[in-house]
Amino acid sequence: MGAEAHADGASEPQRSSEPQRSSRRFPTLTRDTARPEGGGRAASGGFPAPARQWPLLSVMGGVALGLLLVALDAFRIGSIVIGLSLLAGAVLRWALPSVGMLAVRSRFTDMATYGGLGFVIVMLALMVQPKPWIHIPFLDDIVHFTVR
């Protein structure tokens, strides 16, 4: 028999080992989580953990170097190094099939975030007063408007 009868007359279908889904919607009750995209390795499992995460460590190393330069009173150069490190993270995310924990969201979202933040940081570092290295009139107006 495919259904069991209850005392109230209702029948319950027999449950199989495989869940049957009638729609493509996600279930209302989540029983398991998907493995994050960044959970993969950038190098094979035979390497030690830092070597497997070299893309993330290279970006973090560049940001740490930039912060050290800022602390040593080279604000403009340090900020440019930080921005270029984030831009390098965007390039790594685009070019490599597996980047380890550098992958946080989808490839497009990671590239847009790393690239956008890196570009903005580099542009602001080039425009910082006194004696800016570049002059972009509409960005000067935006910066002066927000600082007023």
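# Close-up views of the chain

**View A. Ser79 and its contacts.** Setting aside neighbours within four places in sequence, Ser79 is in contact with Val70, Ile121 and Ala125, where contact means heavy atoms within 4.5 Å. This is a predicted model, in which local features need pLDDT of at least 70 and side-chain atom pairs count only at pLDDT 80 or more, while totals for chains, interfaces and linings use all residues. Residues are numbered from 1 along each chain as its sequence is written, and side-chain values use heavy atoms, with hydrogens and water left out. Ser79 is found in helix H3; helices (H or I, at least four residues) and strands (E, at least two) are DSSP runs, numbered from the N terminus. Is Ser79 buried or exposed? Its relative accessibility is 10%, so Ser79 counts as buried. Here, buried means under 20% relative accessible area, exposed means over 50%, and partly exposed is in between, using a 1.4 Å probe and protein chains only.

**View B. The whole chain, for orientation.** Step back for a moment: the chain has 5 helices and 2 strands, and from the N terminus on they run β-β-α-α-α-α-α. Of the 148 residues in the chain, 25% are buried. The chain exposes about 11,400 Å², with carbon and sulfur atoms supplying 65% of that area. Accessible areas come from the Shrake-Rupley method with a 1.4 Å probe, and for residues only the protein chains shown count as cover.

**View C. Helix H3 and its buried residues.** The expected span is 1.5 Å times one less than the number of residues in the helix. Which residues of H3 are buried? They are Arg76, Gly78, Ser79, Ile80, Ile82, Gly83, Ser85, Leu86, Gly89, Ala90, Leu92 and Arg93. The buried residues of H3 pack against H2 and H4. As a reminder for reading such lists, an α-helix has 3.6 residues a turn, so residues three or four places apart point the same way.

**View D. Ser85 in helix H3.** Ser85 lies in helix H3 and is buried, with a relative accessible area of 9%. A polar atom of the Ser85 side chain lies 2.9 Å from the backbone oxygen of Val81. Not counting residues up to four places away in sequence, Ser85 touches Val59, Gly62 and Val63.

**View E. The salt bridge between Arg93 and Asp110.** A search of the whole structure finds 1 salt bridge, defined as a side-chain nitrogen of Lys or Arg within 4 Å of a carboxyl oxygen of Asp or Glu. Arg93 forms a salt bridge with Asp110, and the closest N and O atoms are 2.8 Å apart. Arg93 is in helix H3 and Asp110 in helix H4, so the pair ties together parts that are 17 residues apart in sequence. Both Arg93 and Asp110 are buried.

**View F. Helix H4 and Met111.** Helix H4 (residues 107–127) has 21 residues and reaches 30 Å from its first C-alpha to its last, close to the 30 Å expected at 1.5 Å a residue. Its buried residues include Tyr114, Gly118 and Val122. Met111 lies in helix H4 and is partly exposed, at 25% relative accessible area. Which residues does Met111 contact, leaving aside its neighbours within four places in sequence? These are Ala90, Arg93, Trp94 and Gly116. Met111 and Ala88, 23 residues apart along the chain, have their C-alpha atoms separated by 9.9 Å.

View G. Leu65, Leu68 and Leu72 make a nonpolar surface patch of about 310 Å². Patches are made of residues with over 30% relative accessible area and no salt bridge; like charges are joined within 9 Å, and nonpolar side chains (Val, Leu, Ile, Met, Phe, Trp, Tyr) within 5 Å. Leu72 sits in the loop between helix H2 (54–71) and helix H3 (75–95), and is exposed with a relative accessible area of 61%. Asp73 is also placed in the loop between H2 and H3, and is exposed at 71% relative accessible area. Keep an eye on the backbone here: Asp73 has a positive phi of about 75° although it is not a glycine.

How values were computed:
A polar contact is a pair of N or O atoms within 3.5 Å; within protein, one must be able to donate a hydrogen and the other to accept it, and residues adjacent in sequence count only if both atoms are side-chain atoms.
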